[in-house]
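Hi,

Here is the structure I promised to send you.

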Amino acid sequence: MAKREQMFRLMNISNFLKSKPRGVTFRDIQQYLEKKYDEEDYDGELAFSEKTFKRDRKLLLELFKIETKFNRSTMLYQIIEDNESNQTIFDNLLLVNAYKKAADQANILLFEKRQASGLENLDGLIHAIKNTKIISCTYTKYWEGVPNKKVLEPYAVKEFRNRWYLIAKDRNDDDFTLKTYGLDRISNLEIHSSTFVKNNIVNVEDMFINSFGIISTLGQEPTKITLSLIPWQGMYVKSLPIHHSQKILVDNENELKLELNLVPTYDFYQEILTHNERLLSLEPKVVREKFLKFLEVGLNNLKNQK
């Protein structure tokens, strides 16, 4: 019960502070929690004091990198730092909580029905990564359709567009190369007792720092890309940036011009295709011409359809 109430407090404190960027008093938070507590039909009264709140603020920082501050001049509490990757985890907890509430009425919370599978192996893979355990599995590439036995040294798992990927080294490779393997294409996972020596020279995050998507661009120089969008449509990419490097150069009634600093890959061009009808310009020329080839291939495929 205590842990359930603690998670209840963390989720609701975070939500309330996010909804009030100018800040709230301790009493505001207390009243908000009491209201939510009643809605949850908990037994008894909510045990929440300034001492409890201090502990909860510390937990928000330690577990989710959500940092809060107390402004003595206004006597208000505010969120000052919200780590993006940890917030994704926190959002998933909020989703689970919402699902529990709506479980008896399926038409309240509607989920996308084409989610990729493979998460059943996630727990085992994390265990193997943390303990540098060698794994073996059957891996089936989409374009081949032939199952292949793989013996891998796992390094990390990465999410992209509701799909999860394993970053690992194939034991059959002579050189050290990290590759990506879709979790939805992995079966017959086995975690061996034998371990491997981790190569700490390569930082896995650096593999994708200049990428959009799951294609590694390690060692490649990023390109400054500018794109201009119809302003009202561009609101979508203001609320959900295309890439972490995104900067807004122009934002007026005529256009929303963005600057991205990345290596253009197949995944990137696929993303730009989703903005095709609202795209006004794309620079530099080499990127624009590559994008036009993507459009040309698609148009030719449809024109040649019988």
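Asn12 sits in helix 1; helices here are DSSP runs of H or I with at least four residues, strands are runs of E with at least two, and both are numbered from the N terminus. Asn12 is buried, as its relative accessible area is 11%. Buried means under 20% relative accessible area, exposed means over 50%, and partly exposed is in between (1.4 Å probe, protein chains only). If you skip the neighbours within four places in sequence, Asn12 is in contact with Tyr32, Leu33 and Lys36, where contact means heavy atoms within 4.5 Å.

Before you go on, keep in mind that this is a predicted model: local features need pLDDT of at least 70 and side-chain atom pairs count only at pLDDT 80 or more, while totals for chains, interfaces and linings use all residues. Residues are numbered from 1 along each chain as its sequence is written, and side-chain values use heavy atoms, with hydrogens and water left out.

Now the salt bridges. How many does the structure hold? There are 11 salt bridges, each one a side-chain nitrogen of Lys or Arg within 4 Å of a carboxyl oxygen of Asp or Glu. One of them joins Arg9 to Asp56, with the closest N and O atoms 2.7 Å apart. Arg9 belongs to helix 1 (residues 2-19) and Asp56 to helix 3 (residues 50-64), so this pair ties together parts that are 47 residues apart in sequence. Are Arg9 and Asp56 buried or exposed? Both are buried.

Another salt bridge links Arg288 and Glu283, at 3.0 Å from N to O. Arg288 is partly exposed at 27% relative accessibility, and Glu283 is partly exposed too, at 37%. Elsewhere, salt bridges with shared partners join Arg163, Asp184 and Arg185 into one network. Within it, Arg185 and Asp184 have their closest N and O atoms 3.7 Å apart. Arg185 counts as buried, because its relative accessibility is 12%.

Next, a pocket. Rolling a probe the size of a water molecule over the atoms shows where empty space is left. On a 1 Å grid over the protein atoms alone, a pocket is an open set of points where a 1.4 Å probe fits, with protein on both sides within 12 Å along at least five of seven lines; lining residues have an atom within 4 Å of a point. The second largest pocket has about 510 Å³ of space, a volume being the space filled by probe spheres set on the grid points, which are joined across faces, edges and corners. Of its 19 lining residues, the closest to the centre are Trp143, Tyr165, Thr180, Arg185 and Ile214. Strand 6 gives the most to this lining, with 4 residues.

Last, look at strand 3 (residues 133-140). Of its 8 residues, 7 are buried, so strand 3 is largely enclosed by the rest of the structure. Which strands does it pair with? Strand 3 runs antiparallel to strand 7 (residues 186-195), joined by 5 bridges, and it also pairs with strand 4 in the antiparallel sense, over 6 bridges. Two strands pair if DSSP finds at least two bridges between them. Lys133 stands opposite Thr195 in strand 7, while Tyr139 stands opposite Asn148 in strand 4. The hairpin of strand 3 and strand 4 has 6 residues between the strands, and Gly145 takes a positive phi near 70° there.

Cheers
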